[in-house]
Amino acid sequence: MQKRTSFMGVVLALVVLLVGTSSVFAQVQVTDCMGCHNDTTVITEKQTALSEAVHGTGEAFGRGTSAGCAGCHSGGAFSAMVAAGLTPDTVEAGDPNPTRQSCRACHQIHTGYTVADWALETTAPVALYAFENVTYDGGKGNLCANCHQPRRAIAAADADGNIAVTSTHWGPHHGPQSAMLLGTGGAGGVAGVPSFHYRLVGDTCVTCHIGADNGHTFEAVASSCDECHAEEDDIDGAQAAVAAQIAELGDLLIAKGLLDEAGHPVVGVYPAAQASALWNYIFISIEDGSSGAHNPPYTKALLDASIAALQ
Ligand code: HEC
Ligand code: HEC
Ligand code: HEC
Ligand code: HEC
Ligand code: HEC
Ligand code: HEC
């Protein structure tokens, strides 16, 4: 009780302040605040989930101090980027006080001060900046695609047919899931098409990772598959088959000296087919992380071609 009283004290002080200082806020009523700040768990249940999710616990937000990383790694910089109509590659300054992917990064919290502020920060289609003319248009999942997109495509082979692996961080960068769903971003000339999961699952990422109950751990929600998959569909078996192929490819890459035992690329200049196989391994295994679920046929085609190139 004590806590609620002091919170409402803050709320009232803020409302008085806001009403006094700006005509925009002249409309704001304390009852608007109470649409969210009330005796339900509408906020706390999401805070609890987020406190167990990578978005709420991971350390990568610290990268948000650099301009090249801020748009995706700092929640505050992401909101500012969206408001300015910029993309992650055009953000000009780092965020000196980076934040995690919090409520404010994804929702329009405290912009209108009504329950309409649960609206997502953006759902506009996302032109993937590592490619030309590739746009992710997957409903509310577009929010996620802003950050979960590759930063790089693989370089073309040089005149000798080689591709240089330039650093131990070589590859498409973490979080290329949107490209995987679209059937692009792999290497070695393997053709891909947008996954049935991109074409048929309304709101894409949000449907599978948040689900009908609005869960906020952002892990894939098993019940979201039920709409299309019967119990006898062996989803685990399909993912296990992909995992086995990933392990086979990893062993081949280690044997050829392109990958070290810790799973990092080995810097060097390699025939294009071998470098492409390494790229695909990183893309699928380390970065996409869905064991094929995002785009089963494209994942399988990339693994088949990569394994064949090393045998
Ligand atoms: C759309 C729902 C919503 C509405 C409406 C809303 N808030 Fe909030 N408020 C939030 C959320 C979400 C947070 C952040 C919780 C977190 O960070 O975990 C928050 C945080 C706060 C905090 C804690 C400090 C901070 O900024 O994080 C205060 C104080 C606050 N709100 C006051 C208000 C007042 C006053 C109003 C009305 C003028 C209002 N809120 C309207 C959702 C809302
Ligand atoms: C502002 C950028 C941003 C947005 C928007 C965003 N993410 Fe993320 N996401 C990240 C970053 C950065 C990480 C890694 C955080 C860390 O490790 O500290 C991450 C991590 C994750 C993880 C955990 C991955 C792992 O390695 O365990 C999942 C799952 C995820 N995001 C799904 C989503 C979904 C689904 C959406 C849309 C509802 C979304 N994200 C929206 C930036 C974002
Ligand atoms: C286009 C958005 C985007 C940009 C720009 C970006 N990242 Fe990331 N980064 C992500 C996402 C999304 C994840 C989480 C992926 C996942 O866990 O699946 C991530 C994860 C990471 C991780 C955590 C990896 C791990 O395994 O825990 C590091 C470290 C990282 N990024 C470094 C950087 C650095 C350094 C920069 C700037 C030079 C940068 N990122 C720029 C989107 C981005
Ligand atoms: C990574 C992005 C992300 C983060 C972080 C996030 N949310 Fe959400 N949230 C979503 C998405 C996406 C939905 C589904 C929206 C929809 O279906 O319209 C959602 C739905 C919700 C809903 C239901 C909205 C409605 O219209 O009924 C509430 C409430 C909510 N979030 C609260 C929070 C709170 C509180 C926090 C912080 C503790 C938070 N969210 C953090 C992405 C996020
Ligand atoms: C058809 C449902 C579906 C769709 C659509 C979908 N995902 Fe996934 N996602 C999954 C499944 C299933 C996994 C694998 C989870 C597992 O095996 O534990 C996964 C894995 C992931 C991971 C790795 C999680 C980890 O623990 O490392 C991230 C990050 C992710 N998805 C983000 C996204 C983003 C971003 C989008 C949209 C661009 C998206 N997903 C669309 C079902 C989906
Ligand atoms: C809107 C419908 C829809 C939803 C929702 C959906 N899927 Fe699918 N999924 C499909 C279709 C269509 C196929 C292709 C079936 C075929 O080829 O016989 C498929 C195939 C798959 C495959 C490949 C199976 C194989 O044998 O290779 C996997 C794995 C998979 N889905 C996982 C999932 C997971 C996990 C979820 C939930 C997180 C999910 N799907 C949600 C429609 C859906």
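## The faces of helix α12

The buried residues of α12 are V242, Q245, I246, L249 and L253. Seen down the axis of α12, these buried residues fall within an arc of 105 degrees, so they line one face of the helix; the arc is taken over the directions from the helix axis to the C-beta atoms. An α-helix has 3.6 residues a turn, so residues three or four places apart point the same way.

What covers the buried residues of α12 includes α13 (272-288) and α14 (296-310), with contact meaning that two C-beta atoms, placed from the backbone, lie within 7 Å. Helices here are DSSP runs (H or I, at least four residues), numbered from the N terminus.

## Length and end of α12

The 21 residues of α12 (residues 235-255) should span 30 Å at 1.5 Å a residue, and the end C-alpha atoms are 31 Å apart, which agrees; the expected span is 1.5 Å times one less than the number of residues. Just after α12, G257 takes a positive phi of about 85 degrees.

Of the 17 residues around ligand 6, L200, C225, C228, A238 and P296 come nearest, a residue being near if its C-beta atom, placed from the backbone, lies within 6 Å of the molecule. The elements giving two or more residues to this shell are α10 (196-200) and α12.

Ligand 2 is surrounded by 24 residues, of which the closest are G58, A60, C144, C147 and H209. Among the elements that give two or more residues to its shell are α4 (54-57), α8 (142-145) and α11 (204-209), and α11 gives the most, with three residues. Domain 1 (21-118) and domain 2 (126-310) both give residues to the shell, so ligand 2 lies between them; the domain bounds come from an automatic or database domain assignment.

Around ligand 1 there are 21 residues, with C33, C36, C103, Y113 and D117 coming nearest. To the shell around ligand 1, α1 gives the most, with four residues.

## Basis of the model

Residues are numbered from 1 along each chain as its sequence is written, while chains are lettered from A and ligands numbered from 1 in the order in which they are written. Because this is a predicted model, local features need pLDDT of at least 70 and side-chain atom pairs count only at pLDDT 80 or more, whereas totals for chains, interfaces and linings use all residues.

Notes. A residue is buried if 20 or more other C-beta atoms lie within 10 Å of its own, exposed if 12 or fewer, and partly exposed in between; C-beta atoms are placed from the backbone.
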